[in-house]
Amino acid sequence: MYDTKKIFRYQHLVDEIEQKIMNGIYKPGEKLPSIRKLHKQSNLSISTIYHAYVELESMGLVEARPKSGYYVNPVVLQKLKIPQFKKISFPPKRVRLSSMVNSVIAAISNPYLLPLGSTVTDSELLPVKYFSRILKNLSHSELKSMISYSLSEGYPELRRQITLRAVGVLKGVAPEDIIITNGCMEAVALAMLAVARPGDTIAIETPTNFGFLQLLQELGLLVMEVPTDPRYGVDLDELEKIFRQNRIKACLLVPNFHNPLGALMPDDHKNRLAQLINEYEIPLVEDDISAELHFGGQHPLPLKAFDHQGLIVTCSSFSKTLAPGLRIGWVIPGKRFKEKIQNLKAATTVSTSTLDQYLVEQYLAGGAYERHLRQLRNVLKKQVVRTALAIQKHFPPETRLAIPNGGTLLWVQLPPQVDGLKVYQNALDHRIAIIPGGVCSNSGQFKNFIQVSCGAPYTAKVENGIATLGRIISKLSGK
Ligand SMILES: Cc1ncc(COP(=O)(O)O)c(C=O)c1O
């Protein structure tokens, strides 16, 4: 049994010291109070304090010096500046993907490369053993029903489990309000088909997930790229201006832990965004795939929680938390779009794999998900912080990045003269995959950006990979 009170106390101390380091109250290289001293001045036990210091060390924020004590890491994140965010909007434009995209997709799915470009969580961190147990225990008759089609809208028990997870996050959702899809991308594709027709204009964030650009290109849609802040998400003043001046048919946004920025839209912005959507009656498709990967104590609310008119369609999946290859996602369409999306699902893929739905349902029903998520968030947060520290140590000093409060992605701004595409090509020669920033825009922006993923365990190989990227970038910057 865990002593939850003790975990709570040590985590509290970790959070407090982490905040003090991030805010510059503890300076780089400064000694932390000795364990004995802190024990005397607080009512915390020696083991709680020791546990907290070890945790801070594993996050890379402090270092233990033999016979001397714990010191703040001389390289700390407070010196990092957030990427510059330019308020430039572009006229509607048909999506034309960069010819590099196919090469990037091949690189980030190549298992022989260092996976700094992958946008999903490494399988090392996923509950493989648990799935293996469920599969082994499948009886002949269960398997027989698993090789039949499931209902087009999905396996009822899985829809019920997803409903249970929405308690406290999204009020009034019933199993019938959920349609199971082949991952989040099918959910987004069905939603876009329901809200727009070829030739329509869609408002998207810039930068955006390049997978969205691929989809919007194939759907024959035009996009308007709306400037997006690395901390707060899409710029609402710009979005309102765009709504006033253009015929926008729908929006496609990622308010929680945006890909690639990592931005988390605050609740007051979400509220205003929902009001804008209602005022202009423009449907909005939100991709909420990373919401469970928050590093704070609280699950961020989906935009749909602020919707009173049924104009917001929420899409998500278990790809980042459980198993990307099982392809289990869902869409919560709301009354306006439910029938259309249900018909589209039946007419395109008929239904989602019954066995894969069963596996995920059994996993959720087994009760291990919450604990898995707690561990996963903790590990991912450490990986994000350690990767950001390594970038700060090895990349040129003009490098900028914002540390996200959830997810696995870092959006890195390089010195202006450095071409992210060249960094990508040079990195491939060293068997490292990253994403060049240019593929995340339809208007040729973000040439001096790269996206670095922290979804794989932070090992010496990853640290060396970041150091190699640092050398490539320094060389390209001419310094
Ligand atoms: C924002 C976003 N949406 C969708 C996807 C794809 O999700 P899925 O594998 O569930 O289709 C990803 C994958 O990384 C993503 O980052």
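So, which residues lie nearest the centre of the largest cavity? They are Asp288, Glu292, His299, Ser316 and Trp330, out of 19 residues that line the largest cavity. Before I go on, the ground rules. This is a predicted model, where local features need pLDDT of at least 70 and side-chain atom pairs count only at pLDDT 80 or more, while totals for chains, interfaces and linings use all residues. Residues are numbered from 1 along each chain as its sequence is written, and side-chain values use heavy atoms, with hydrogens and water left out.

A word on cavities and pockets, too. We work on a 1 Å grid over the protein atoms alone: a cavity is a set of points where a 1.4 Å probe fits but cannot get out, a pocket is an open set with protein on both sides within 12 Å along at least five of seven lines, and lining residues have an atom within 4 Å of a point. Grid points are joined across faces, edges and corners, and a volume is the space filled by probe spheres set on the points.

Back to the cavities. Searching the whole structure turns up three of 30 Å³ or more. The largest cavity comes out at about 290 Å³. Helix 7 (156-165), strand 11 (312-317) and strand 12 (328-332) are the elements giving two or more residues to its lining, and strand 11 gives the most, with three residues. Helices here (H or I, at least four residues) and strands (E, at least two) are DSSP runs, numbered from the N terminus. By type, the lining of the largest cavity splits into 11 nonpolar, five polar and three charged.

Among the residues lining it are Phe257, Asn259, Ser290 and Lys320, and its lining has three nonpolar, seven polar and one charged.

Now the ligand. Where does it sit? In the second largest pocket, and "sits" means that more than half of its atoms lie within 2 Å of the pocket's grid points. That pocket has a volume of about 630 Å³. It is lined by 23 residues, with Thr119, Val120, Met185, Asn209 and Asn259 closest to its centre. Helix 4 (101-108), helix 8 and helix 9 (210-218) each give two or more residues to this lining, and helix 9 has the largest share, four residues. The pocket lining divides into 11 nonpolar, nine polar and three charged.

The shell includes Thr119, Met185, Asn259, Asp287, Lys320 and Arg327. Here the largest share, three residues, comes from helix 8 (residues 183-195). The shell has three nonpolar, six polar and three charged residues.

As for polar contacts, that's a pair of N or O atoms within 3.5 Å; within protein, one must be able to donate a hydrogen and the other to accept it, and residues adjacent in sequence count only if both atoms are side-chain atoms. A ligand nitrogen is 2.5 Å from a side-chain N or O atom of Asp287. Taken alone the ligand exposes 400 Å², and the protein buries 92% of that, using Shrake-Rupley areas with a 1.4 Å probe, where for residues only the protein chains shown count as cover.

Asn259 to Pro260 is a cis peptide bond, omega near 10 degrees, and Pro260 is in the loop between strand 9 (248-253) and helix 11 (267-280).

Notes: A residue is near a molecule or strand if one of its heavy atoms lies within 4 Å of it. Ala, Val, Leu, Ile, Met, Phe, Trp, Tyr, Cys and Pro count as nonpolar, Asp, Glu, Lys and Arg as charged, and the others, Gly among them, as polar.
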